[in-house]
Amino acid sequence: MPENAQDLYQRSVNALRTPPVADWDTWPFDDNIRPRTLEEPAAEPPRDGEGGVECDGCTKPDADYFWTDDRWRLIAFGPSGLPVVVVLEPRAHYDTPSELPDELAREMGVMLGRVERAVMTVDGIERVHISRYGEGAAHLHWWFMGRPTGLRQLASSFAGIWDDVLPPTPDDVWRDNIAQVAAAMRAGG
Ligand SMILES: [Zn+2]
C-alpha cells in the first residue's frame with residue numbers, strides 16, 4: 001500500500017538527511033547547508049490556467065513567441081544566466097503529456113528532438129537539458145536549457161539554479177542566440 005503524504009511527512013520530518021552536496025562538482029554554493037524544516041502536507045494551490053481557464057498559454061498572442069506553427073509554439077522569457085533557455089508549448093490546452101491525443105503525442109516526440117537540435121546549433125552549447133514539471137502553469141510546457149561547452153559545473157540537475165546564480169547573458173548575445181534557434185526551427189530543425 002502506498003504511503004500517503006501525512007505518513008511520508010511523519011516518517012521524514014525528524015529524519016532529514018544532508019547529502020554531501022558540498023563535494024558535488026555541480027553544487028552552486030560554498031556555504032554549509034542544512035535541510036529546511038519539512039512542512040506538513042497542505043491543500044494544493046491552484047496552478048495558472050488550470051482547466052484552461054484564464055490560461056496564459058492559451059491567450060498569449062503569437063507575437064510573444066519567437067517561433068510558431070499550426071500546433072506548437074516556442075517562447076523565451078529574456079536573458080538569464082544560461083545562454084539559451086526556451087520553452088515549447090502545444091498551441092491547444094493540454095496539461096500533461098498523457099492527455100495529448102496520440103497523433104499530437106507522437107509529434108511531441110519529434111518536436112523535442114527538433115528543438116534540441118535547434119538549440120544545439122547555437123555556438124558553444126554542449127548539451128541541452130530537457131525537462132517538464134507542470135507545477136506552476138497547467139498549460140503543458142517543456143523546458144530546454146543549453147549547457148555551455150566546458151562548464152561541467154553547470155551540468156544536470158542544478159543547471160536551473162545556476163541559471164539564476166550566473167549573471168544574465170548580455171542582451172545582444174541573448175537575442176542572437178534566440179534568433180539562431182528560430183532560424184534553425186524555420187530551416188526544419
Ligand atoms: Zn492553456
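Leaving aside neighbours within four places in sequence, Leu-140 is in contact (heavy atoms within 4.5 Å) with Leu-88, Glu-89, Pro-90, Tyr-94, Asp-95, Thr-96, Pro-97, Leu-100, Met-108 and Arg-132. The model is predicted, so that local features need pLDDT of at least 70 and side-chain atom pairs count only at pLDDT 80 or more, whereas totals for chains, interfaces and linings use all residues. Residues are numbered from 1 along each chain as its sequence is written, and side-chain values use heavy atoms, with hydrogens and water left out. Leu-140 is located in the loop between strand 4 (125-131) and strand 5 (142-148), where helices (H or I, at least four residues) and strands (E, at least two) are DSSP runs numbered from the N terminus. Leu-140 has a relative accessibility of 1% and therefore counts as buried; in this scheme buried means under 20% relative accessible area, exposed over 50%, and partly exposed in between, for a 1.4 Å probe and protein chains only. Computed along the sequence, Leu-140 and Arg-91 are separated by 49 residues, while their C-alpha atoms lie 9.4 Å apart in space.

The loop that holds Leu-140 also contains His-139, which is one of the protein donors of the zinc ion. The donors (N, O and S atoms within 2.8 Å of the metal, or 3.2 Å for Na, K and Ca, with water not among the atoms, so sites may look incomplete) are Cys-55 through SG, Cys-58 through SG, His-93 through ND1 and His-139 through ND1, at distances of 2.0 to 2.3 Å from the zinc ion. Because the four donor atoms subtend angles of 105 to 115° around the zinc ion, the arrangement is tetrahedral, a label given to four donors if all angles lie between 85 and 135 degrees.

Apart from neighbours within four places in sequence, His-139 is in contact with Asp-48, Cys-55, Gly-57, Cys-58, Glu-89, Pro-90, Arg-91, Ala-92, His-93 and Tyr-94.

Over the protein as a whole, the secondary structure comes to five helices and five strands, and from the N terminus on the elements run α-α-β-β-β-α-β-β-α-α. The strands make up an open sheet of five, in the order 1-2-3-5-4 and with antiparallel pairing, where two strands pair if DSSP finds at least two bridges between them. Strand 1 (67-68) and strand 4 form the edges, each pairing on one side only. Helix 3 (residues 102-120) packs on the sheet and touches strand 1, strand 2, strand 3 (85-90), strand 4 and strand 5.

Within the sheet, strand 1 and strand 2 (residues 72-75) pair in the antiparallel sense over two bridges, and the two strands form a hairpin with three residues between them. Thr-68 has Arg-73 in strand 2 as its bridge partner. Strand 2 in turn pairs with strand 3 in the antiparallel sense over four bridges, and the bridge partner of Ile-75 in strand 3 is Val-87. Both faces of strand 2 are covered, in that Trp-72 and Leu-74 on one side and Arg-73 and Ile-75 on the other are all buried. In the loop between strand 2 and strand 3 lies Gly-78, which is partly exposed because its relative accessible area is 22%.

The overall dimensions complete the description. The C-alpha trace of the protein spans about 55 × 40 × 25 Å along its principal axes, and buried residues make up 38% of the 189 residues. Of the contacts between residues at least 6 apart in sequence, 64% join residues at least 24 apart.

Key. Four donors count as tetrahedral if all angles lie between 85 and 135 degrees; four count as square planar and six as octahedral if opposite donors are over 155 degrees apart and all others between 65 and 115; anything else is irregular. Axes are lines fitted to C-alpha atoms, for helices over the stretch in contact, and angles run from 0 to 180 degrees between N-to-C directions.
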